[in-house]
Amino acid sequence: MNLDIHTFIVTAIILALVGMVLSLIGSISALRSAPKIPFFRLRRERQVRGWRLLLNTLFLGLLAFVLNRYAEPTIYQYFKPTPTLLPPPTTTLTPTITLSPTITPTPSITPTLEHTYTPTPTPTPHLPLAIEIQFTSIITPNPNSVFSPIQFSQSLDSSLQPLNPQQVFQNPIQHIYATYTYDGMIEGVQWTILWYRNGELIHYQTMPWDGGTGGYGYSDWNPPANEWIPGEYEVQIFVGTEWMVVGSFIVEGESPTITPTPTWTLTPMPSITPTPTYTLIPSITPLPTSTRWNTATAITPSPTNTRAPTATQITPSPTNTRMPTITTTP
C-alpha cells in the first residue's frame, strides 16, 4: 500500500488518539477497582497500573498534538512534495426527453444553408524555432516528468504559494506570477516557458533546469504598467521540445498611460570673449615746403610811349602762398 506523507501523518494522529482513549479508559478502570482488592500487594499493583496508563494517555495526547502541528512541515523540509495529478473532470450527461411525433409533415421547400460553420481545430502548442536554436543543454528529458495546472496571482507567500489566485485581473496591474508544481525533472535539462498575449509572443525564458526533481516553482512577468494591454494571456511550459502544460488568464480594463516627466537640464551661459579694438594712429602729413622764386622779367619800352612801364605781377606757384614782386626800370 502506497501512502503519501499527508496520509501517513493523518493515520498516525488517529492511532495516537485511539491509543489515548483506550489508555484513559484502562486508567480509570484500574484506579476505581484498586480500593476493592483486599490484598495490599495486588491493590498496590493495580494503582500503579492505573497511574501508568494515565501517564500513557497524556503522552499519546501530546504526541497527537505534535504530529498535527509540526510533523508535516518538518518532513517537507527534507523531502520535497510531489504534485498530485488530478483526474480530468467528467461530464455528467443530462437525460433529455425525446418526443415521438405523431405526424411528420412533408416539407415542400428544402432550405439551403448560405453559410456552413466549420469548427476551427485548436492547435497544439509548439516551440518556436527562433527559441529552439538558443538551447544549450544536451540532456535528454525524462518522458515521465509532469507539471500541475498553472495558477496566476499578483503575489506569493514565503512558501511560493499563490495569494488569491485568479483567472481575471483588472488594470492597473504591475506583476503577475504563474505558479505550478512539478515532479520527475532532471537537473540540467532544457526547459522553456512562453507568455502570449492574443496569440503574440511577448515574453519567454529558456535555460537548463536547476530546481531539483520535484517541488514548487513559478515564472513571472513584470513589465511597465502600460504594457498590460487588455486581452487573453496564455502561458506554455516545455521540457526540451515537448509541451507539458498550458494556462491562461484575462486582463480587463484600459492600461494606465505613463505621463513623461520633464527633465530640466542646466545649460551654461556662453562666456563673453572681449573683442580687441584697434585705434588707428594718424599718419604724419608733411607740411608743404615754400619755394622762393627770384626770376625777373625785363620789360622793353615802347618807342611811342614815354611813360614809365608798369611792373608785371608774377603769379605764385600753388605751393607758395605769396611771392614778392620785383619792379625793374630801364
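Modeller: Ser-145 sits in the loop that joins helix H3 (129–132) to strand E1 (146–147). Helices (H or I, at least four residues) and strands (E, at least two) are DSSP runs, numbered from the N terminus. This is a predicted model: local features need pLDDT of at least 70, side-chain atom pairs count only at pLDDT 80 or more, and totals for chains, interfaces and linings use all residues. Residues are numbered from 1 along each chain as its sequence is written, and side-chain values use heavy atoms, with hydrogens and water left out.

Is Ser-145 buried or exposed? Its relative accessibility is 6%, so Ser-145 counts as buried. Buried means under 20% relative accessible area, exposed means over 50%, and partly exposed lies in between (1.4 Å probe, protein chains only).

What does Ser-145 touch? Leave aside its neighbours within four places in sequence: Ser-145 is then in contact with Asp-183, Gly-184, Met-185 and Met-244. Contact means heavy atoms within 4.5 Å. The side chain of Ser-145 also reaches the backbone oxygen of Asn-142, at 2.9 Å. That is a polar contact: a pair of N or O atoms within 3.5 Å, where within protein one must be able to donate a hydrogen and the other to accept it, and residues adjacent in sequence count only if both atoms are side-chain atoms.

Now for the aromatic rings. A pair of aromatic rings is described by the distance of the centres and the angle of the planes. Rings of Phe, Tyr and Trp (its six-membered ring) pair if their centres lie within 6.5 Å; planes under 30 degrees apart count as stacked, over 60 as edge-to-face, and the rest as tilted. This rule gives 14 aromatic pairs. In one of them, the rings of Tyr-182 and Trp-209 have centres 4.8 Å apart and planes at 85°, so the pair is edge-to-face. Tyr-182 belongs to strand E4, and Trp-209 to the loop between strand E6 (200–208) and strand E7 (215–221), so this pair ties together parts that are 27 residues apart in sequence. Tyr-182 and Trp-209 are both buried.

Tyr-233 and Phe-249 are arranged as follows: ring centres 5.2 Å apart and planes at 10°, so the pair is stacked. Tyr-233 lies in strand E8 (residues 231–239) and Phe-249 in strand E9 (residues 242–252), so this pair ties together parts that are 16 residues apart in sequence. Tyr-233 is buried at 0% relative accessibility. Phe-249 is buried at 1%.

Five strands form an open sheet in the order E3-E9-E8-E5-E6, with mixed pairing. E3 and E6 are the edge strands, and each pairs on one side only. Two strands pair if DSSP finds at least two bridges between them. Strand E5 (residues 190–197) and E6 pair in the antiparallel sense, over eight bridges. Gln-190 stands opposite Pro-208 in E6.

Last, the loops. Pro-172 lies between strand E3 (168–170) and strand E4 (176–183). The peptide bond from Asn-171 to Pro-172 is cis, with omega near 5°. Leu-160 lies in the loop between strand E2 (151–153) and E3. It is not a glycine, yet Leu-160 has a positive phi of about 65°. At 33% relative accessibility, Leu-160 is partly exposed. Asn-164 lies in the loop between E2 and E3. Its phi is positive too, about 55°, although Asn-164 is not a glycine. Asn-164 is exposed, at 57%.
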